[in-house]
Each structure stands twice: as C-alpha cells, then as structure tokens.
Amino acid sequence: MATNHSLVALFRELAQLATLDEGSANSFRVRAYENAVEAIASHPGDLGQLSERELTKIDGIGSSTARKIREFFQNGSIGKLEELRRKFPPEFVALGRIPGIGPKTLLRLRDELGVTNVDTLAAALAGRKLRSLPGLGVKTEEKILQSIGRLRAAGFEPGAEQPRVPIAKAMPIVRELTAALAAVPAVEDVQYCGALRRLDETTGTVDIVAATLEPLAAHAAFASQQAVAKVLDRDAVTTSVETATGLRVDLHTVDPERFGVACLLRTGSPEHVAKLRSCAAERGFTLDESGLLDADGEVIASVSEDAIYEALGLAPIAPPLREDRGEIEHAEKGALPPPILLPQVRGDLHVHTTLSGDGRSTLEEILDAAAARGYEYLAITDHAEDLAINGATREQLTAQRRQIDGLRGRHPGLTLLHGSELNIDRDGDVDYDEAFRHTLDWCVASVHSHFDLDRSQQTRRILRAMDDPTVHVIGHLSGRRIGTRMGIELDVDQVLQKAVATGTAIEINAALPRLDASSEVLYRARGMDVTFVISTDTHHTREFARMEWGVLHATRGWVDPDRVANLWPRARFLDWLHSRRA
DNA sequence: GCCGTTTTCGGCCCGACTGTTTTCAGTCG
C-alpha cells in the first residue's frame, strides 16, 4: 500500500539511530525495528486503517510498534524518533558512515574526546588523541584518516549534513505523493521531475508538476497527504512542503496546455535545457514556460515533451539521457540509443530465496512471482557459503538443486537456472571448488568484503574473478550503497576490456540504493562488446518490481539494448550461456 | 522490541578479520 512508504522510511531511521543508542546493530531492539520495516513494507493494505490491536496481529509488529504507527497517523510524527534525532544530530550520525568507525567507537569518541562532527574529529586526529584511548591505536587513526581522505576524494563530505537525498530514500515517498495527486479528479496529469526523473543518484528539492484547471483542489490534496509533515510555503501555483522524512517537495500546478513544457523545464538537467534553448534559437524559436514559440511569439508546441522535441527536429529524448552528454547531437542525427523498456525484459538473473539468510520469500513464491511477470527464464542465486550469516553450504545448494528440478513443471514457460551469488575474496578467488561450481548453471560473483583495499588491489581481484570460467557475471560492480557506503575503486577501462576478452557479463543492479555499475561506467562501455544483464538482486517477491529502475538506469548509461543479455529471447540467451561454458 | 508460553520473562543467528591485546572487543557483511 502506497501510504506505508513514509512509515518504512521512519522506521529505517529509527533502526539507524537506535543502533547508536544501543551501541550495536545487532541489538535486539534494532533488529526488531528492522523486522518492523520488513513487516510494514510487506503489508498489502493501508496500515492507517488498522487499530492498535489489529496492528499487533501482523507478524513483526508488537504493542510498541503498533503504538508508534498509530502515533504517526495521528500526529504525523513519532515521539521516540524525534527524541533520538535530538540526541544524535545528523552531522554526528554522518560520522558513522566512515568505514572503520562503528557505533561503539563513535560513542566513545564523543564521550571521551568531544567529537561531534567532522571538524572535531579532524582536530582529534591531528592531535593524535585517538591512540590515547584504550583499545584504539595508531593503525586506527591511520585507517580513519585514510577513510576520510577517500570519502572526500569521491565527493562525500563525511561530516556534512547531506543536503542531497539518496534516490532510494526519496523515490518511494515521491511516488506516493504523485499517486495521490493522480487520484484527484481535477488533476489531469502529474509527473515528478528533476534529478529523480532523470534517475540521478541523489536529489535536492523535488519538483512535481500537475496539470489541472482547478489548482486549489490539487494544492489542498497535496498539503493534506499523510507523508507531508509541514507546509513551508504556498502561493497560487506552488506549494512547498517538507515530508516526515525531511525531504522538500514542491508542487507546481500548470494549465494542461503547458504540461509538457513545464515537465521539460523542471526535469532538466539545467545543461540539457540550456542546450535545447540554444538549439531553439538556431531555428529562430524561443523556449520558455509557455512553450516553444516561433518568431511571432506563437506557441508551436507545449502540451507534451515529445511535441517540443519534434518541433525542434529532434527524436524524443528519454529523461535519464538529459545530461548534455551528447544526447541532443545524437537526437538530431537520429542516432540516440533507443530507451530500454520494461516489457523487453525476459528474465531476471540475480534472485535470492529464504536459503539466503537475508532472503524473505520462498523458492515457490519467487517462481510464482517471476512467472506472473511473464519471464521466460530465471536464475536462483542464493548467497555462497563464505558470506558468514547469509551463505548456503554446498550441501544446501545441492538440496536446492533437487528442489528446483522438482518444480520445473510448475511453470512450463519459465526456464529455471540454478546458481549462486559467489563472494570474491581479497585475492579474487570465489567460493566452493571449481568442479562444484561447474555443476551450477549460472554464477554471479560479487564483492562483499575488503572494501578498504586500494585501487590496484581491487582491480586485480575483479580481473581474477572474471578470468574464472565458472563466473558468468560480476554483480554490483562497485559494492556502493548510495549515500551510505562508497564503492571500491577500480580501473574501469581494464575491467571493461577484461569483460570483452572473457565474455563475462557486467551486472546492472536495479536496486535503488545500488544502481551499480554506475551510469558513468556504463557510458564508458558504449561501443565496446561488453555484455550486460539487468538484475534486481531480489530478496523478496515485491523487489522484482525494481526492474523498472534497472531499465531506466541502463538507458541513462547509454546501454545498447542489444548488449543486454536478459532482453534476448530464451533461445539466444541459452545459446550465449552454453557457448560461454564451452 | 517481538514472541510464545505449562503466560510474563527468557530467548532471539554468526563467523572472519583486525587491531589491540596476552584473551578480546569492535566492525563488517
């Protein structure tokens, strides 16, 4: 249910802050909050309709969580969360993103050295204060200094309160708001714009454009949404709000005649729009809020974005491409890579079941969900044994193999591949022995550890994994978590060349916190014979829906659809798979 | 904080690695 997204975000934050409060991510309270997130996210109905008593009947929600949920629907906030936010200000919480600093160390730094933000941390490091604390030493100081340096080099400012919000955090709330607006009878059309629509990794203020002849109704409906914590500003055409999660969202209403141009201008990027304007000028036109105008000031196009591009002599340009990376020049020549569309996807090749410690759906549920999406093929890839909590032993995988064989008749149109998500260790070796791996149909190999190695070491381990004949694809190439964890640094050109040489595919991980490989890496690969697969890394049946983001992300990276293996018909895909294994 | 119960507290999942130790705490996935 759409309106549960705010709750999910709030309980996630609660879990994060409780980790600090409890001094451990493994505390039972923290895990209870995480279970609550899972329970809320999985609940199909509107939780706002349920009483406290009914809420506690849901698995994973007890009396305390039920009370907090009711509190949210009544007050728009949760007292416990407000209290923790006061106790742990954002600039302090942000220090927890520095690799090597866990909750215990962070609290000690605050209590014993007065560290509250990146500046006081830097001062403590400069004064060599950390080594004076029992249990910490010179190595710890060096490691933290190095982490800060690396984060800064990558554009992260560890102590800064992030002005930009990671896409995974913003998207669900914005989707909820646009869905609510779409349901307002007076609203003819609605679209979220800006960085979010371009599928950029982070967003600032989100702009939503609504086409309506009755703006008052739209603004009233918007301001009264459950996700809205407070209205910041309001005039005849714009309402600015802050959500319960701290995201700023502006609703702009326009006459339906100008919906297209409003979306175009608010989607950006600013560089793309600037180039469009000069493109218009070359043709004797102008582009402003009222539309594309000819020399006489007559509107030539304004209702739809496509009409504006067409009037400029351009093929339509998909929002993720609008970054002024040559898309306008390509559109002039009709040479733009076609956008990848969701219905073109024929299979998913990175999927977990409950055999993975963090998997939430059973094998049967996964198969049914994949069949319901109309997939022709599916790879089951539970975690391999070296992933401490989550991994499957070879005996478990062998048993799963038999289970899968027994289920092949369940959905005759769905070809099942049995595989695993292997762990690339620090040297580039993967789990199990090669003979056993050869019994698997499909192996994803991913980095889950040793994020602190340097670029040449990281590159070496990836290249070595690609040389392994049993590895079909490298999963989430950098291992990043947008806004939370930097990925590993790689010599991307070497990795791409190796992908071509070995035929190892590169995964385009569709999970919004990952979007990995990054669109920069994908863009770099254009023109090369790199094979890609777009995968959801599903741990719960609902996550199959992430494929929507995967295809947009691939489009953003200028990926040629013909290079994406899971868009191929089954026969072609299986031919490729078998030729690789030969 | 949740759950289950011979109803009201005790159990809830872990293993490798690192840096600091001299037997272990903290971090990570």
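The side chains of Arg85 and Glu82 meet in a salt bridge, with 3.5 Å from N to O; a salt bridge here is a side-chain nitrogen of Lys or Arg within 4 Å of a carboxyl oxygen of Asp or Glu. This is a predicted model, in which local features need pLDDT of at least 70 and side-chain atom pairs count only at pLDDT 80 or more, while totals for chains, interfaces and linings use all residues. Residues are numbered from 1 along each chain as its sequence is written, chains are lettered from A and ligands numbered from 1 in the order in which they are written, and side-chain values use heavy atoms, with hydrogens and water left out. A search of the whole structure finds 35 salt bridges, and zero disulfides are present.

**Salt bridges**

- Arg85 and Glu82 both belong to helix α5 (residues 79–87), where they stand three residues apart, about one turn of the helix. Helices (H or I, at least four residues) and strands (E, at least two) are DSSP runs, numbered from the N terminus.
- Arg85 is partly exposed, with a relative accessible area of 24%, and Glu82 also counts as partly exposed, at 29%. Buried means under 20% relative accessible area, exposed over 50%, and partly exposed in between, using a 1.4 Å probe and protein chains only.
- Side chains of opposite charge can pair when their charged atoms come close.
- Arg29 pairs with Glu22 in another salt bridge, whose closest N and O atoms are 2.3 Å apart. Arg29 is partly exposed at 43% relative accessibility, and Glu22 is partly exposed at 32%.
- A salt bridge also joins Arg198 to Glu323, with the closest N and O atoms 2.7 Å apart. This pair links distant parts of the chain, 125 residues apart: Arg198 is in the loop between α11 (194–197) and β3 (202–203), and Glu323 is in the loop between α15 (305–311) and α16 (327–332).
- Arg198 counts as buried because its relative accessibility is 8%, and Glu323 counts as buried at 18%. Through salt bridges that share partners, Arg198, Asp200, Glu323 and Arg556 form one network.

**Surface near DNA strand B**

- DNA strand B is surrounded by 35 residues, and the closest are Arg31, Tyr33, Thr105, Gly137 and His448. Sugar and phosphate make up 65% of the atoms of DNA strand B that come within 4 Å of the protein. A residue is near a molecule or strand if one of its heavy atoms lies within 4 Å of it.
- By class, this surface has 13 nonpolar, 13 polar and nine charged residues. Ala, Val, Leu, Ile, Met, Phe, Trp, Tyr, Cys and Pro count as nonpolar, Asp, Glu, Lys and Arg as charged, and the others, Gly among them, as polar.
- A polar side-chain atom of Arg31 is 2.5 Å from a base nitrogen of DNA strand B.
- The elements giving two or more residues to the surface near DNA strand B are α2 (28–42), α4 (63–75), α7 (103–113) and α9 (138–153). Of these, α2 gives the most, with five residues.

**Cysteines**

- A disulfide is a covalent bond between the sulfur atoms of two cysteines. The cut-off used here is a pair of cysteine sulfur atoms within 2.5 Å.
- The closest cysteine sulfur to that of Cys279 is in Cys263, at 20 Å, which is too far for a bond.
- Cys279 is buried, at 4% relative accessibility, and Cys443 is buried at 0%.

**Leu213**

- Leu213 sits in the loop between β4 (206–212) and α12 (215–223), and at 60% relative accessibility Leu213 counts as exposed.
- Leaving aside neighbours within four places in sequence, Leu213 is in contact with Ala186, Glu188, Asp255 and Pro256. Contact means heavy atoms within 4.5 Å.
- Leu213 and Glu91 are 122 residues apart along the chain, and their C-alpha atoms are separated by 43 Å.

**His578**

- His578 is part of helix α24 (residues 570–581) and is partly exposed, with a relative accessible area of 46%.
- His578 and Asp441 are 137 residues apart along the chain, and a distance of 9.3 Å separates their C-alpha atoms.

Methods
Polar contact = N/O pair within 3.5 Å; in protein donor to acceptor, adjacent residues only side chain to side chain.
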